[in-house]
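Subject: Structure handover

Hello,

Here is the structure I said I would pass on. Please open it beside this message while you read.

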Amino acid sequence: MIEQPVPTSSFWRPPGASVATRIPSRRSRFSARSSIVGGAEPRRIYCEGGLEEQAAYVFCTHRDVADVREQPTPVCYVDEHGKASRHTFDFLLLMKDGRKIAVAIKPAKFKKKWWPIIRCIAEQMSRSFADAAVLMTEEDLHPDLVHNGRLIHAVRRDPPGAPDDRMRELVGDLKGSVRIGELVRYSGLEGRGFRAIVRLIGDGELDIDGGRIGYDTTIFRPDREKAR
């Protein structure tokens with residue numbers, strides 16, 4: 001049977017291919033491969049294990065991150081024992097201010113082992129590859145942070161439309177703060193209004209005090225002057 005091409009529309013386009021230099025193996029005793037769609041130009045981002053997937057959601061929805069590249073080009077270094085080695089970081093973050101940050105994701109129980117390695121790489125790697133190298137564990141991925149990343153990622157799949165315009169209009173002259181639930185009820189948009197508010201939070205047009213984004217979350221307009 002000849003496969004027919006999948007039709008596309010103005011609302012959906014298939015994601016681009018991964019830009020990883022190494023695709024995690026499907027077969028592993030210690031982790032499972034998954035993927036999400038993200039990046040500056042939406043494409044498949046492969047993750048090896050749950051920790052990498054959580055980090056990918058946080059990175060892809062972070063306001064300061066312009067693009068996320070998984071499994072970038074390996075870097076060569078000489079370890080503390082004088083042995084030449086190679087390491088492939090889990091992610092390379094391209095920041096909106098022009099910096100590049102290489103990120104290694106490891107379970108906290110292996111932090112003692114990996115800190116010297118990442119520090120050694122950071123001291124030797126070319127600045128054309130990255131400006132900094134960091135080690136992240138589950139201790140850096142608070143459940144609320146991961147929840148909000150997943151939520152923002154999910155609502156961004158909606159095509160922009162009237163709910164976004166309506167919510168942007170309502171918060172345009174917002175003084176002080178208001179609960180998301182109250183604003184949604186006032187708008188009459190129900191779930192569509194909630195999703196639009198989450199998109200405004202993800203885009204930096206609104207801020208929260210912290211915690212998980214929900215109907216009881218208090219939102220306010222960011223102080224642009226203080227942010228400068």
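Predicted model: local features only at pLDDT ≥ 70, side-chain atom pairs only at ≥ 80, totals over all residues.

Four strands make up an open sheet, and their order across it is β3-β6-β7-β8. The pairing in this sheet is mixed. At the edges are β3 (65-70) and β8 (132-136), each of which pairs on one side only. From one strand to the next, the twist averages 25 degrees.

To see one of the pairings, look at β3 and β6 (residues 91-95), which run antiparallel and are joined over 5 bridges. Within that pair, Val65 sits opposite Met95 of β6.

Two helices pack on the sheet. Helix α1 (residues 50-60) touches β3, β6, β7 (100-105) and β8, and its direction makes about 10 degrees with that of β6. Helix α2 (residues 111-124) touches β7 and β8, and its direction makes about 170 degrees with that of β8.

The salt bridges

There are 16 salt bridges in the structure. Three of them are described here.

Arg156 and Asp203 form a salt bridge in which the closest N and O atoms are 3.3 Å apart. Arg156 is in the loop between α3 (143-155) and α4 (162-171), while Asp203 is in the loop between α6 (190-202) and β10 (207-208), so this pair ties together parts that are 47 residues apart in sequence. Arg156 is partly exposed, at 35% relative accessible area. Asp203 is partly exposed too, at 47%.

Asp158 forms a salt bridge with Arg195, with 2.6 Å between the closest N and O atoms. Asp158 lies in the loop between α3 and α4 and Arg195 in helix α6, so the pair ties together parts that are 37 residues apart in sequence. The relative accessible area is 23% for Asp158, which is partly exposed. Arg195 counts as partly exposed at 29%. Which residues does the network around this pair link? It links Asp158, Asp164, Arg195 and Arg199 through salt bridges.

Glu182 is partly exposed, with 38% relative accessibility. Arg179 is partly exposed as well, with a relative accessible area of 26%.

Regards

Methods:
Residues numbered from 1 in each chain as written. Heavy atoms only, no water. Salt bridge = Lys/Arg side-chain N within 4 Å of Asp/Glu carboxyl O. Buried < 20%, exposed > 50% of the residue type's maximum accessible area, 1.4 Å probe, protein only. Pairing = 2+ DSSP bridges. Axes fitted to C-alpha atoms, helices over the stretch in contact; angles between N-to-C directions. Contact = heavy atoms within 4.5 Å.
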